[in-house]
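Thank you all for coming. I would like to walk you through one structure this morning, slowly enough that everyone can follow along on the screen.

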Amino acid sequence: FTKSNNQGIDRAAVDKLLKESETANESIKKLLMDVMQKQGKKYNQAWGLMDYSFIDPEMREAAQKDIAEDGYFGVKATSERILEFAKALSGGDPSKIPGLRDAIEEGFKAAEEAWGTELPDISRQTMEAVRAGLDEWEKSFNTAEEAE
């Protein structure tokens, strides 16, 4: 260890951990922006809410399947991908959940700003599913601690 003061704090290690945390938070915010924009675009294509006159019936049907309950951009699959990414970034450390939660909220806000208006219902439902998943994940750590 390289100690930078009399209290035994390894400043280089702390700085490294802070930088890793910031990088992880930026990664999840970017993921959320990308996913929410793609999900919203599929939603608009599926229901003809924007000028997608170039979309033929087959493309529209494919978009509807993508945003269906069991589709790739559906609420369940999308929220699960976001939660799995957050869990991977945490490295299994429950103390990182609040920071990840903040980064996720910022990511959704950034996606809405980039969208230019309120996100479609499917995206808001995805956000609620992600929040519920984070609560459940955090609760699992608390339950495990209580059992010990």
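This is a predicted model: local features need pLDDT of at least 70, side-chain atom pairs count only at pLDDT 80 or more; totals for chains, interfaces and linings use all residues.

The protein chain contains five helices and zero strands, and so, if you read along the sequence, the pattern is simply α-α-α-α-α. Of its 148 residues, 30% count as buried.

How confident is the predictor, and where is its confidence lowest and highest? The chain averages a pLDDT of 79, and 76% of the residues score at least 70. Confidence is lowest in helix 1, residues 11-47, with a mean of 72, and it is highest in helix 3, at 90. I would also ask you to look at residues 1-6, where pLDDT stays under 50 and for which the model has eight contacts beyond four places in sequence.

Let us turn to helix 3, which runs over residues 75-90. At 1.5 Å a residue, its 16 residues should span 22 Å, and because the C-alpha atoms at its ends are 22 Å apart, the expectation and the model agree. Which residues of helix 3 are buried? They are Thr78, Ser79, Ile82, Leu83, Ala86 and Ser90, and since they cover an arc of only 130 degrees around the axis, they are on the same side of helix 3. The face turned away from that buried side carries the exposed residues Lys76 and Ala88. Just after the helix comes Gly91, which takes a positive phi of about 65 degrees.

Helix 4, residues 97-115, can be read in a similar way. Its 19 residues, at 1.5 Å each, should span 27 Å, and the distance of 27 Å between its end C-alpha atoms agrees with that. The buried residues here are Ile97, Leu100, Arg101, Ala103, Ile104, Gly107, Phe108 and Ala111. When you look down the axis of helix 4, these residues fall within an arc of 165 degrees, and therefore they line one face of the helix. On the other side, Lys109 and Glu113 are exposed, and just after helix 4 we find Gly116 with a positive phi of about 95 degrees.

Now to the aromatic rings. A pair of such rings is described by the distance of the centres and the angle of the planes. How many aromatic pairs does a search of the whole structure find? It finds two. In one of them, the rings of Tyr72 and Phe73 have their centres 5.0 Å apart and their planes at 90 degrees, and because an angle over 60 degrees counts as edge-to-face, that is what we call this pair. Trp137 and Phe141 have ring centres 5.9 Å apart and planes at 55 degrees, so this pair is tilted. Trp137 and Phe141 both lie in helix 5, residues 121-147, four residues apart, which is about one turn of the helix. Phe73 is buried, with a relative accessible area of 10%, and Trp137 is buried with a relative accessible area of 10% as well.

There is also a charge to notice beside these rings. The charged end of Arg81 sits over the ring of Tyr72, 3.8 Å from its centre, and Arg81 lies over the face of Phe73 too, at 5.9 Å from that ring centre.

Finally, two single residues. Leu32 lies in helix 1 and is buried, with a relative accessible area of 0%. Leaving aside residues up to four places away in sequence, Leu32 touches Ile82, Ala103, Ile104, Gly107, Phe108 and Ala111. The C-alpha atoms of Leu32 and Thr78 are separated by 9.7 Å, although these residues are 46 residues apart along the chain.

Glu105 and Ile28 are 77 residues apart in sequence, and their C-alpha atoms are 9.9 Å apart in space.

Methods:
Residues are numbered from 1 along each chain as its sequence is written. Side-chain values use heavy atoms; hydrogens and water are left out. Helices (H or I, at least four residues) and strands (E, at least two) are DSSP runs, numbered from the N terminus. The expected span of a helix is 1.5 Å times one less than its number of residues. Buried means under 20% relative accessible area, exposed over 50%, partly exposed in between (1.4 Å probe, protein chains only). The arc is that of the directions from the helix axis to the C-beta atoms. Rings of Phe, Tyr and Trp (its six-membered ring) pair if their centres lie within 6.5 Å; planes under 30 degrees apart count as stacked, over 60 as edge-to-face and the rest as tilted. A charge sits over a ring if NZ of Lys or CZ of Arg is within 6 Å of the ring centre and within 35 degrees of the ring normal. pLDDT is the predictor's confidence in each residue, from 0 to 100. Contact means heavy atoms within 4.5 Å.
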